[in-house]
Amino acid sequence: MKLWRFNGGLPSLAEHKNESVHLPIETAPVPAQLIYPLLQHIGNPAVPLVKVGDKVLRGQKIADAQGLISSPIHAGSSGTVSNIGEHLIPHPSGFSAPSITITTDGEDQQLEHTPCADFRQLSAIELVAIIREAGLVGLGGAAFPTAIKLDQQHKTKPIETLILNGAECEPYISCDDRLLKERAISVIKGVEVLLHMLACKQAILAIEDNAPDTFSSVQAAIDANGNPQIKVVKIPTIYPTGSEKQLIKTLTGKEVASGEIPADIGVVSINVGTVYAVQQAVIEGKPLTSRIVTITGEGVNTPHNLEVRVGSRINTLIEVCNGYTNKAERLIMGGPMMGFALLNDEIPVVKATNCILVASKNEAVTDKQAMPCIRCGACASACPVSLLPQQLYWHSRADQAEKAAKLNLLDCIECGCCDVVCPSHIPLVQHFRHAKSALKADKHQKHLADIARERFEAREQRLALEKAERAEKSRKKKAALKARAAKKEIEAAASRAKEKQQATSNDES
Amino acid sequence: MLWVLIALLPGCITMIWQFGYGVLFNIIICLSTAVVAEAWMLKLRGRNIKPFISDLSAVVTALLLALALPTIAPWWLPFVGTLIAIVIAKHLYGGLGYNPFNPAMVAFAVLMVSFPKNMTVWVLPSSLLANDIGLAETAQLVFSSLSSSPIIDSITAATPLDEMKTRLNLSQTTDEIRHAAIFSNIAGEGWQWVSLAYLAGGCLLIGKKVISWHIPVSLLAGLFIASSIAYLVEPSISPSPLFHLLSGGAMLGAFFIATDPVTAATTLKGRIIYGLLIGLMSYIIRTWGGYPEGIAFAVLLINMTVPMIDQYTRPRVYGHK
């Protein structure tokens, strides 16, 4: 198959997979507590359906979607709802947010689930409803509600290509790779469900060429399945080829226009972990309550690929990995490139958590002093979006976010390639995030100012109208008075004239 | 920056070998002045001295200036030149990364305009000298008596570029001029070897990915194309393209000076335009300008166009038309 090449990227970044890529998926024990932040997807937070003291079973819906862009949440094990309130959530700023806490009873009783014998009997609309009800979100890290991506009702353009994203391009992460090695048949079944839903002709599963074993296991699963619409493709290992837009470019040569979504060019792209969850939800009838997480880095004694109940605290997973080493320096959720540091290990795993990296000093912390930019342009050569990071940095640093926006700051995917290649060790992405939030704040301020201005103008208009009305009234009054006065004068003059006339006629007579 | 210094070594050695110890004195004076001036300015500006000194950018600037200066110069010429480069052209503009003009070339241009007599005294290549000038003798010339020395006229001469220009103005043809001893058939005795040494160093930099090929190749191409056209049209009054490429500062300029990232265009397309323009401008100055060598002025002039080049050569961003 012909492949295309996006600009830049880092071909040499495919490192640190060896720590965990050979480790089979193990199941983590059910922890004593499960914590579910109500917002663990893009969109509106879910609304609790339970109250403190309620008994729940595994697979029971404990919070429901609110509005279209939202997702329900299901209990990961049986137990009692022990708290509904603020809890630390995985967020770069260390926020707390409303969460449901379940104290498990150790029995792990499941809600009855009904497997589906033949998904082809179901319509696309019914399948979208099942996927929405199962709480599926993008498991590659973005956590966008999957049902919306798959819902073709309101879309005008037919989907031609379904892309299954198995290009796990960040260093250290191996959860998708293990999934494809061990459960390829289920994943391919999930692909069939998606093909049926989207009514599209071809599905391409992309795997980086540094994982030949994974490729052959997927190929074997496709051969066993026998569906000619599905194929697996090896793509060059270049970070960030697993980023949606870069992967679409690599496979189709098409670009998603700025501000648009893949469906606008007839493409839907889904992470392979999510495809597995689709198979579980549609065929097995199981909602999303667990996922595979890679726990790795020099900071843990035995790295693992674990099937984890969503809601498990990170420290329970570290225990499975035999604890921290004395090199442990920083806890990162996600990979070293796009992940973020966590405040502590009390924070729960959420649906989007693909990796917990316990980084040592030399893995994550750079103590190199940032030097001035020398305009060498290495960042622009590395940028997979073809931005000019050096010029964006110039404007961002000068607090001129609008100028940066004109240079397409908002198209930055924050992949971190520019940071890696910068010879002056400038934390460019940090500056870009700052400028982006400044833009967002500006936009909000402008919105508020617009509202205030509209209100002010309406008030001014109303006052002016009132004033005009009052003026009109008093003018009328004055006019009336004047008219009356004039009438009197005329009458007086007329009577005077009459008197005079009479007087003259009397004289004459 | 260390690789830039290493890549300049063959050029330095060939310069000293071909033109004597005067070059060595230039290098020593420039380097020591640069380090002291850099540290002094950093201190005045309240900057951290160690990381900025150890990035070697001041040393590279100083070495480039030293190699561009005449092969024998009174001590104060490299000294003043280096101060202009480091203090005025670099730090007064905001230091590393903020200077719009190449500091070494600013210094060269200021010296050229201010001290034209000293800037045109070039020692003959050693192969054309009756007796070699020793280290002690060179030191004496540099530090005390260069202008008053009786031997100065016997050991110095115009550069091949200068000679070519002067004689062309006297209505001689290139064929006649080429037979003078200093030309040694191609680009000038000594000069061609120095140029080849810079070329080798430049190739090393490209091979090591310290610089990209865009600027040097397009600069040399600009010079080559312009001189080829003239040579094809009027060979009797136009020096050959090879003469243009291998004499004067073309190779030094192409691989080491125009490639200074701070003052060059940053986009790939922009770099090609930038290089072409410098090559073309060098040819124009060499042919019609008041000075025999045009690289320094061309670099400065094209430095000015960099913001505009960058503005109009932005790459197409993913997902944009």
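**View 1. Strand 9 (residues 161–165) and strand 12 of chain A run parallel and are joined by five bridges.** In this predicted model, local features need pLDDT of at least 70, side-chain atom pairs count only at pLDDT 80 or more, totals for chains, interfaces and linings use all residues, and side-chain values use heavy atoms, with hydrogens and water left out. Residues are numbered from 1 along each chain as its sequence is written, while chains are lettered from A and ligands numbered from 1 in the order in which they are written. Strands (E, at least two residues) and helices (H or I, at least four) are DSSP runs numbered from the N terminus, and two strands pair if DSSP finds at least two bridges between them. A:N165 stands opposite A:N271 of strand 12 of chain A.

**View 2. Strand 12 (residues 267–271) of chain A is largely enclosed by the rest of the structure, because five of its five residues are buried.** Buried here means under 20% relative accessible area, against over 50% for exposed and in between for partly exposed (1.4 Å probe, protein chains only). From this strand of chain A, A:V267, A:S269 and A:N271 point one way, whereas A:V268 and A:I270 point the other way, and all are buried.

**View 3. An open sheet of chain A is formed by four strands in the order 2-8-7-4, with antiparallel pairing.** Strand 2 (33–37) and strand 4 (55–56) of chain A stand at the edges with a single partner strand each, so one side of each is left without a neighbour in the sheet. Two bridges pair strand 4 of chain A with strand 7 (residues 79–88) of chain A in the antiparallel sense, and A:V56 has A:G79 in strand 7 of chain A as its bridge partner.

**View 4. Chain A and chain B meet in a contact (heavy atoms within 4.5 Å) that takes 28 residues from chain A and 23 residues from chain B.** The area buried between the two chains, that is, the accessible area (1.4 Å probe) lost on being put together and summed over both, is about 2,200 Å², of which carbon and sulfur atoms give 56%. A:E255, A:I374 and A:R375 supply 27% of the area that chain A buries against chain B, more than any other three residues.

**View 5. Two salt bridges are counted between chain A and chain B.** A salt bridge is a side-chain nitrogen of Lys or Arg within 4 Å of a carboxyl oxygen of Asp or Glu; A:R375 forms one with B:D310, the closest N and O atoms being 3.5 Å apart.
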